[in-house]
Amino acid sequence: MFSKDDFKHIPNEYEMSDYINNELWNKFCEFIKSNYNANPRFEFSNCSLEYGWNIKFKKGSRTLCTVYPRENYFCVMLVIGKKEKEKFENLLHSFCIEIQEAYQNTRECNNQKWLMIDLEDDNRKYEDVKKILNIRAS
């Protein structure tokens, strides 16, 4: 049985899917696997801000995103760095208001903004996350 805080038990995809318990999670994983050939990598974080298991999706050595599992939804962290900033900002007006506000309200550190986006529904916010992933992957 998966526990977010149990660092001794490495979860598998099925346990994570059961914990998140949201069909969008499976859709999200399939999108990343089929578009970027990136499989989930489970890592345990001792960070006090996000203690517990997270899931990283990498394209080569580059992390596309980090996912923090929640019960019935998940949070996607997307880093907008120096390489992505111009392209992202050129498209910012086309993103939903939640993405725009997250970007505007996130403090920049070392030329990066770390956006934390909760995904619960298959809606415009999810479509925008996919667009941001395309920016990160290019």
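## Basis of the model

The model is predicted, so that local features need pLDDT of at least 70 and side-chain atom pairs count only at pLDDT 80 or more, while totals for chains, interfaces and linings use all residues. Residues are numbered from 1 along each chain as its sequence is written, and side-chain values use heavy atoms, with hydrogens and water left out.

## Aromatic contacts

A search of the whole structure finds eleven aromatic pairs (rings of Phe, Tyr and Trp, the last by its six-membered ring, with centres within 6.5 Å; planes under 30 degrees apart count as stacked, over 60 as edge-to-face and the rest as tilted). One of them joins Trp 25 and Phe 74 edge-to-face, with 5.1 Å from centre to centre and 70° between the planes. Because Trp 25 lies in helix α2 (residues 23-36) and Phe 74 in strand β4 (residues 73-80), this pair ties together parts that are 49 residues apart in sequence; helices (H or I, at least four residues) and strands (E, at least two) are DSSP runs numbered from the N terminus.

Trp 25 and Phe 74 are both buried (under 20% relative accessible area, with a 1.4 Å probe and protein chains only). They also belong to one aromatic cluster with Phe 28, Phe 57 and Tyr 126.

## Charges over rings

Two lysines sit over aromatic rings (NZ of Lys within 6 Å of the ring centre and within 35 degrees of the ring normal). The charged end of Lys 113 is 4.1 Å from the centre of the Tyr 103 ring, and Lys 130 lies over the face of Phe 31 at 5.1 Å from the ring centre.

## Pockets

The largest pocket holds about 260 Å³ of space. A pocket is an open set of points on a 1 Å grid over the protein atoms alone, where a 1.4 Å probe fits and protein lies on both sides within 12 Å along at least five of seven lines; lining residues have an atom within 4 Å of a point. Grid points are joined across faces, edges and corners, and the volume is the space filled by probe spheres set on them. Of its 17 lining residues, Thr 63, Val 79, Gln 112, Trp 114 and Arg 136 are the closest to the centre, and β3 gives the most to the lining, with six residues.

The second largest pocket holds about 210 Å³, and its lining includes Ser 45, Tyr 68, Met 77 and Trp 114. Both β2 (52-59) and β5 (113-119) supply at least two residues of that lining.

How values were computed: Buried < 20%, exposed > 50% of the residue type's maximum accessible area, 1.4 Å probe, protein only.
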